[in-house]
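Subject: Structure for you to look at

Hi,

Here is the structure I promised to pass on. Please open it alongside this note; my findings follow below.

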Amino acid sequence: MTPAASTSPSTALLEVRAVSKRFSEKEVLKTLSLNVAQGEFLTLLGESGSGKTTLLRLIAGFEQPSAGEIWMNGERLDTLAPYKRRVNTVFQQYALFPHLNVRENIAYGLRANNTPKQEVAPRVEAALAMVRMSEYSGAKPTKLSGGQQQRVALARALVNRPQLLLLDEPLSALDANLRKEMQGELKSLQREVGITFLFVTHDQEEAMALSDRIALLKDGSLEQVASPREIYAHPATAYTAQFIGQTNLLRGSVRANVAECGILRFPSAAANGPVLFSLRPESIFLATDNLSIADPVRFRATIRQQFFGGSTELLELVCADSQLVRARIDARGPLSGEHEFVFSAAEAIRVTP
Amino acid sequence: MYSRLYKLAVSLPPLFWVVLFLLVPYSLMFAHSFWITQDGSIVHSWSLHQYSQLFTNPLYATVFFRTLRIAAFVTLFSLLLGFPLAYFLSFHAGPRKELLYQLVIVPLWVSYLVRGYAWKTILGTDGVLNGALQYLHITHEPLSALLYSPFAVVLMLTHIYTPFVFLPIYASLEHIPRPLVEASHDLGANSRSTFFRVILPLSMPGLLAGATFAFVLTLGDFLAPILVGGPSGTMIANVVQSLFGAAYDWPLGAAISVFILFITVGLLFCTERLEKRWTFQ
């Protein structure tokens, strides 16, 4: 994987160059390289323990890399003390100062950087207005709801006009509804201020909804870096395909440009040998729907279970060779027995195991 | 839920305890402070005579202000020792934290008297300190001012109360969420500024509790002056002790005790309110 390929070096704001991090015996990051473009919303996505928060902490300066370098705007970043970096962080539990009120919290960074006094007040007011918290300026953080604390944390970071904003699972402490609302606010805020966002989450839906690009981490290495649409449509590995959205992994082999995965046979350009394909459930249709599909692959299967999901239904299908396949079709009421299904051969994406 | 009998059985012993060992003695002391002595015996006639004595006899004022001064110094010095110690342990001790914590606590298991006598042997004219000073030719004859002075009292009580000051400060430092410190650095504050603007304000409850410990415990101490204080190091509790003992002037002793009690309660009330003001979680 060459993540740098999709960003030309001239526009890269942040460059993570072959960074490794080990905590005593455990190697948390393994020679990881990543570029973040100016003005980009990039998400580090991964399970807990994948190293995404460690990478963020290295960039913020709370940890030192064991090897490698981090550069920002053509300057070495990893050797700078955290308080000298033009990077600000929105912490997972917000980390608002409990002894300071909302206004003092937001002014903290400006005062620490000796911003001229007459400049502090208007900038704080503007930041408060930006996150629609002006009426709470005198409140102590403990009196605010989770969403409000979240907004204050954002304002406290953005008021310093950082070159890069780091967000460490900032929405994970919020309930589902508020979370959706804050996602929208975050996205529009990022467009408004034009600051580069590096966002950490374990929630793939959140990553898809917000990001310009997603960097998927697995065990301290980058699995794939691409736009949400690209990573969804063309997952490079089986792990990516399974982590981002749902998928069917079809195991089989290719011989003479024909892939054979159990009873499923379809043309493939892959070289001869064992292969693995990812086939999204929503790429499979009921054949009776009479769709005009290019390179159709038809197969018969028995419906084992049906899960109603509002606008769609998820079907668990058992093929004649007892292979299990999941299909997501438009909602149409209860189904049972054997049916013919169809998918386009182009939808079966070859992935590495 | 619980039967009436059970509730009674549970609440009676503490009630009995409070009445017998707190309410009754305090009431007796309070009553005594309004009585007078005549020809060596206590007369139960009510007057404010003892309190007027307390405020007119300069001897009591001298001892009282000396006690306040000693308590203030002990508080100051044990804070100056206890706070950096607690700060170091909480933030910078790393894996040695537990061991160092135990080392700070160990002196608390040693009897107060033993530690007092230890200071006597250190500070005395034939003591360890004088011996060392003469051996190193810093002094030519033993310094008698080391022992039996207010200085010795402050030294001994600072040594004894520093762990008491350390403990609440350490606890409050341990309670500071570390992301707050990181957030401060992240926002551009260096270590010094982070200390004064985040760590110190958030450790105020512990600092106040520790200071109160040292001050109040010193205010009522009478063993340190006996052991290392000498006549110039006499404190108010020694006066009370002698009034109840050799002088047999219980009413005056009681009046002084009531006076000190009110000061202590007032102090505790103030520091508790301050602690509340500085508590945010």
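**Where chain B meets chain A**

Between chain B and chain A there is one salt bridge. It links the side chains of Glu182(B) and Arg57(A), with an N to O distance of 2.6 Å. Bear in mind that this is a predicted model. Polar contacts across the interface of chain B and chain A come to seven residue pairs, both residues at pLDDT 80 or more.

On the chain B side, two elements give two or more residues each to the part touching chain A: helix H8 (178-186) and helix H9 (191-202). H8(B) supplies the largest share, seven residues. By type, the chain B residues that touch chain A are nine nonpolar, seven polar and three charged.

The contact draws on 23 residues from chain A and 19 residues from chain B. The two chains bury about 1900 Å² between them, and 62% of that lies on carbon and sulfur atoms. In chain B, the most area is lost to chain A by Asp186(B), Leu187(B) and Arg197(B). Together they make up 39% of what the chain B side buries.

**Strands in chain A**

Strand S19 (residues 338-344) of chain A pairs with strand S15 (residues 285-286) of chain A. They run antiparallel, joined by two bridges. Phe285(A) has Val342(A) as its bridge partner in S19(A).

S19(A) also pairs with strand S16 (residues 296-309) of chain A. That pairing is antiparallel too, over seven bridges. Here Arg300(A) is bridged to Glu340(A) in S19(A).

Best wishes

Technical notes: Residues numbered from 1 in each chain as written. Chains lettered and ligands numbered in written order. Predicted model: local features only at pLDDT ≥ 70, side-chain atom pairs only at ≥ 80, totals over all residues. Heavy atoms only, no water. Pairing = 2+ DSSP bridges. Helix = DSSP H or I, 4+ residues; strand = E, 2+ residues; numbered from the N terminus. Contact = heavy atoms within 4.5 Å. Buried area = accessible area lost by both parts, 1.4 Å probe. Salt bridge = Lys/Arg side-chain N within 4 Å of Asp/Glu carboxyl O. Polar contact = N/O pair within 3.5 Å; in protein donor to acceptor, adjacent residues only side chain to side chain. Nonpolar A, V, L, I, M, F, W, Y, C, P; charged D, E, K, R; others polar.
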